[in-house]
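Me: Hey, I've just opened this one and I'm new to it. Can you walk me through a few parts?

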Amino acid sequence: MSETLETKVLTANFDVANLDLIHVYESTGGYRSARKAALEMTPEQVVEELEASGLRGRGGAGFSMGKKASFIPKGSMDKFLCCNADESEPGTFKDRLLMQRNPHLLVEGVIIGAIAAGANRAFIFIRGEYSAQADILDAAVEQAYAEGYLGKGVFGSQTQVELVVHRGEGAYICGEESALLDALEGKRGNPRLKPPFPANQGLYQGPTLINNVETLCNTPIIIEKGAEWYRQYGVGNSTGTKMVSVSGNVQRPGNYEIELGITAREIVHGLAGGPLPGREIKCWFPGGSSAPVLLPEDLDRPYTFESMAEAGSMLGSGAIIVVDDSVPIVGVALRLAEFYRHESCGKCVPCREGTNWTVKMLERLDRGEATPMDIEIVAGVQENIIGNCLCVLGDSMAMPIGSMIKHFRPEFERHIEQARERADRAAAVGEFSAVELAQSAHAGPGVG
Amino acid sequence: MSAHMTGNGRTDRRLRPLGWDEAVDLEKPPASIPETSETEVPAELRARIEALMARYPDRRSAALPALDAAQRVHGWCSPEAIGQVAAVMRVTPAYLSSVATFYDMLRTEPLGRRYVYVCTSVACHLRNAKAVHEAISDEAREQGLEDCDIREFECLGACDMAPMASVDGRYVGPLDTSDAAELVAAIKENRDVLPGRGLTDAGYELPWAERGDQPPARPDGPPTPPDPSPA
């Protein structure tokens, strides 16, 4: 077997044909872990095993999954498990692959998660755009019900787990856990004030455990092979393998499963083939578009939760977006700001207004109507968004844009100057056309 | 319909008063929950919504999927569609329109039964997605494609096949501006859109994987972690 930079744990059986059929999945050892958790283990033992494995949330926050499950209060009330499959972070497409290729792994993970949390009702909240994947999940859930793996008395035990696949209708904010709960309750997806945290009062005011698809997909492997086995992968407090989605200006964009701790260079240059011939990397997002950008020299850092935080960014959802030197940074910042403006739910003022003003000012900068002082103002707006809202959507724009200004201030200044010169020239020859100006500005100031 | 396809869809829509953007008649009393006996609801839609409500502990949870079901029948979340959902779900039309206006995939204007969402978010932007969107919009105008909502969309979660588009929920990519003519013609003639290039098509491979361009082998076994001892 040739050893590659990939470490296939979650994706080990992805080559098996018809893995979405329950009998095929079971022939690869599927549902053994859920059966074990339901029949041979107490919920406390399941939580202990998950906590011991060091598994951290794969959706972005990186919080210990076992610890999160242990926060769910005991008692006989209705408790809920929500699987967050509203994967909308720009650059992230790992959950899509997991659900499409191995839907039963997620269903099994949901059963184990529900047992750990003592939840009798579970929901998979999948974004509406993933209609094909939602259909695949629906079919998998139906098969699992038919086999008695879901419903009353799973695997013949006393445990009840009802599972519904709920489709969203297109809103990034629903990936935020409390907004997801509101959307699931049939409302506009506005984040809630915390506390109370969902673990105490979540869906329908009941205790709720919310986990990402990839996190739950890890649980059957941990229960089957044990926390000790799982910990052999990874480094320090970043245990296990991670799906990374590499996109942008690389030769082989795609999903790769890696062991946490290999360097970012091995991922970007080794697995994804590096930038296109003749191009160099200008900057990269290590964890989705919400992560502050890092520079090429940071590529030699190990790809772990701790190391990315140390570099001033975050591992987030594990989505690496590579930007090469052909792309003007102002264009990237503007596109990013436009995204967050569109997706801001409008509940908190700093986010609603801040995203809007950032877009307006970056557009001005791009049109040549700004002065270098305006860069300060844009940076100041970002600082005033961070930490001032109910959720982190505003921060998710403020942090990467702040980091772009920090790392590329000379390019911003040059961009303003060149856009201004173009505007002046156009005005002088009497050919002033806003459309032409905008187009020439998008072509960028050129590098070097 | 062609007016919808010009320029930036999002800005245009804000300028045109259509559907829900019409001025409200303040003289009229606010709409209450429609009487079931006075509202005609297609039997199939009613059954679908009732089945959806039964899936949840609280019937309101069915709001999103129910509006989606009504949209499939009516082509958009028209006042009539919302009235029907409201009658079956026993909620006010205002509540449902508050929900419908929040979500991108629920259309509160009659923009077309079919849709093409062209992803123009960061990762696709880096691969020339704007040009693809423009090419498709131009082509739709030229070919006179009707009853189809063509718009820029935020990250669709398929950056590996960037630039890409979702045609009625089917992901196709990677796209090039030269694909626009065939894509639009296929929608217009009700054919399969770019067969073989959809994410869920049998045997679909990304172009670099198809070329056999595989990640390189690891030179000397697994990398040794710098600090294997847990903290």
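Predicted model: local features only at pLDDT ≥ 70, side-chain atom pairs only at ≥ 80, totals over all residues.

Me: OK, and in which sense do S7 and S10(A) pair?

Reply: Parallel, over 4 bridges. Strand S7 covers residues 241–248 of chain A.

Me: How many residues of S10 are buried?

Reply: 6 of the 6, residues 319–324 of chain A, so the strand is largely enclosed by the rest of the structure.

Me: Which residues sit on each face of S10(A)?

Reply: Ala319(A), Ile321(A) and Val323(A) are on one side, with Ile320(A), Val322(A) and Asp324(A) on the other. All of them are buried, so both faces are covered, given that a residue here needs 20 or more other C-beta atoms within 10 Å of its own to be called buried.

Me: Switching topic: how many residues does each chain put into the contact?

Reply: Chain A gives 59 residues and chain B gives 49.

Me: Which helices of chain B supply at least two residues each to the side that touches chain A?

Reply: H3 (63–74), H5 (93–100) and H6 (122–125). H3(B) has the largest share of that side, 4 residues.

Me: And how do the residues on that side of chain B divide?

Reply: Into 30 nonpolar, 9 polar and 10 charged.

Me: Now the sheet in chain B. What order are the strands in?

Reply: The order is S2-S1-S3-S4, making an open sheet of 4 strands with mixed pairing.

Me: Which strands stand at the edges?

Reply: S2 (148–153) and S4 (170–172) of chain B. Each has a single partner strand, so one side of each is left without a neighbour in the sheet.

Me: What does the twist average from one strand to the next?

Reply: 20°.

Me: How do S1 and S3 of chain B pair?

Reply: In the antiparallel sense, over 3 bridges; S1 is residues 114–119 and S3 is residues 165–167. Val118(B), for one, stands opposite Ala165(B) in S3(B).

Me: Which helix packs on that sheet?

Reply: H7 of chain B, residues 129–143, which touches S1 and S2 of chain B. The direction of H7 makes about 155° with that of S1(B).

Note on methods:
Residues numbered from 1 in each chain as written. Chains lettered and ligands numbered in written order. Buried ≥ 20, exposed ≤ 12 C-beta atoms within 10 Å, placed from the backbone. Pairing = 2+ DSSP bridges. Contact = placed C-beta atoms within 7 Å. Nonpolar A, V, L, I, M, F, W, Y, C, P; charged D, E, K, R; others polar. Axes fitted to C-alpha atoms, helices over the stretch in contact; angles between N-to-C directions.
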